[in-house]
Amino acid sequence: MLSMTYGDTTPAPIVLFVYSRPWHTARTIEALLENEEASESDLIIYSDAPGTQSAESAVEEVRSFIEGIEGFKSKTIFLREHNLGLAESIIDGVTTTLTKYEKVIVLEDDMVTSPHFLQYMNKALDLYEADSEVASIHAYQYPTEQALPDTFFLRGTDCWGWGTWREAWQVFNPDGEYLLNELRSKNLTKRFDYDGSYSYSGMLKDQIRGKNDSWAVRWHASAFLADKLTLFPGTSLVQNIGTDNSGTHCDDNTMLDVTLSNEPVTLERIPVVESEIGRNAIVDFFRGARGSLVQRAFRKATRLLRSN
């Protein structure tokens, strides 16, 4: 039998958040099962309740599908009785899971992963577990034009296939107004916005005004203000298939599409400092999209939320 222990640790539980997209959910599970480590991983699924009458049928179809999932070490399903929306569901689900486990891998129902995703996530979670400067491990990588290191650190966090630890999650602050005020008072807004190339602070303002309910921009801001870093791969291990008009606030575009890595990520300890090469590549990517016709779609696709 394949042994997936890393040092003295075992694979992190996979927490999957689903709603009303049966096709996407099936693709997400199928891809996960291509990972050898799936059979030794606990799968925890949070299924949000319908937010509208029109969503009832699709939610029931998703719930029927997840009941039949096999191939993981264990499966636990939480069926929400009332609609929480994605933000509250994720915040509650991650927090609850981390009361039982020391670490967690988080996916949504539109994340197709590489067969090397779980290997990378588990090894990286083990590798940097003792580093208090590290907030999370991330598996998606933007389709930048520059060559990137095998792995590198950026300040803050991201949300398309990620993992964290119980202690690191403690820095999460759901108060968007407090976070924005702190960014302003510390003159960090420009850097938070990748030198003005992408307005994450604008997303935070919209969250405060109730125009979005993004948990992810608050997670990013919380870690950024705590001067914590996230590890990224140089090639993507996640493809978001949700930018196809199937989810709320998503447009049909291919700007963020990537080719999933065919090889395992070379993962060795590197200095826990922000990568200038990695950061500049992301800034260039954001600036390259700016002003084009697809920028509006890009901004929606990367809004890092989907209210149910």
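User: At about what angle to β1 does helix α1 (residues 22-33) run?
Analyst: The model is predicted, so local features need pLDDT of at least 70, side-chain atom pairs count only at pLDDT 80 or more, and totals for chains, interfaces and linings use all residues. Residues are numbered from 1 along each chain as its sequence is written, and side-chain values use heavy atoms, leaving out hydrogens and water. Helices (H or I, at least four residues) and strands (E, at least two) are DSSP runs, numbered from the N terminus. Helix α1 lies across β1, β2 and β4 (103-108), and its angle to β1 is about 165 degrees.

User: What angle does the direction of helix α2 (residues 56-67) make with that of β3?
Analyst: Helix α2 packs on the sheet and touches β1, β2 and β3, where contact means heavy atoms within 4.5 Å. Axes are lines fitted to C-alpha atoms, for helices over the stretch in contact, and angles run from 0 to 180 degrees between N-to-C directions. On that scale the direction of α2 makes with that of β3 an angle of about 160 degrees.

User: Which strands stand at the edges of the open sheet?
Analyst: Eight strands form the sheet in the order β3-β2-β1-β4-β8-β6-β9-β7, with mixed pairing; two strands pair if DSSP finds at least two bridges between them. The twist averages 25 degrees from one strand to the next. Each edge strand has a single partner, so one side of each is left without a neighbour in the sheet. The edge strands are β3 (74-79) and β7.

User: How many of the five residues of strand β1 (residues 14-18) are buried?
Analyst: Buried means under 20% relative accessible area, exposed over 50%, and partly exposed in between (1.4 Å probe, protein chains only). Ile-14, Leu-16 and Val-18 point one way from β1, while Val-15 and Phe-17 point the other way. β1 also pairs with strand β2 (residues 42-47) in the parallel sense over five bridges, with Phe-17 opposite Tyr-46. β1 is largely enclosed by the rest of the structure, because its buried residues number five of the five.

User: Are helices α6 (residues 176-185) and α9 (residues 215-225) roughly parallel to each other or oblique?
Analyst: Their axes are 10 Å apart and the packing angle is about 40 degrees. Angles under 35 degrees count as roughly parallel, over 145 as roughly antiparallel, 65 to 115 as roughly perpendicular and the rest as oblique. The two helices are therefore oblique.

User: Which residues of α9 meet α6?
Analyst: The α6 side of the contact consists of Gly-176, Leu-179, Glu-182 and Leu-183. In α9 they meet Arg-218, Ala-221, Ser-222, Phe-224 and Leu-225.

User: What is the relative accessible area of Tyr-194?
Analyst: Tyr-194 lies in the loop between α7 and α8 (200-208), and its phi is near 50 degrees, a positive value in a residue other than glycine. Tyr-194 is buried, because its relative accessible area is 8%.

User: What is the relative accessible area of Asn-187?
Analyst: Asn-187 has a positive phi, near 55 degrees, and its place is in the loop between α6 and α7 (189-192). Asn-187 is exposed, with a relative accessible area of 69%.
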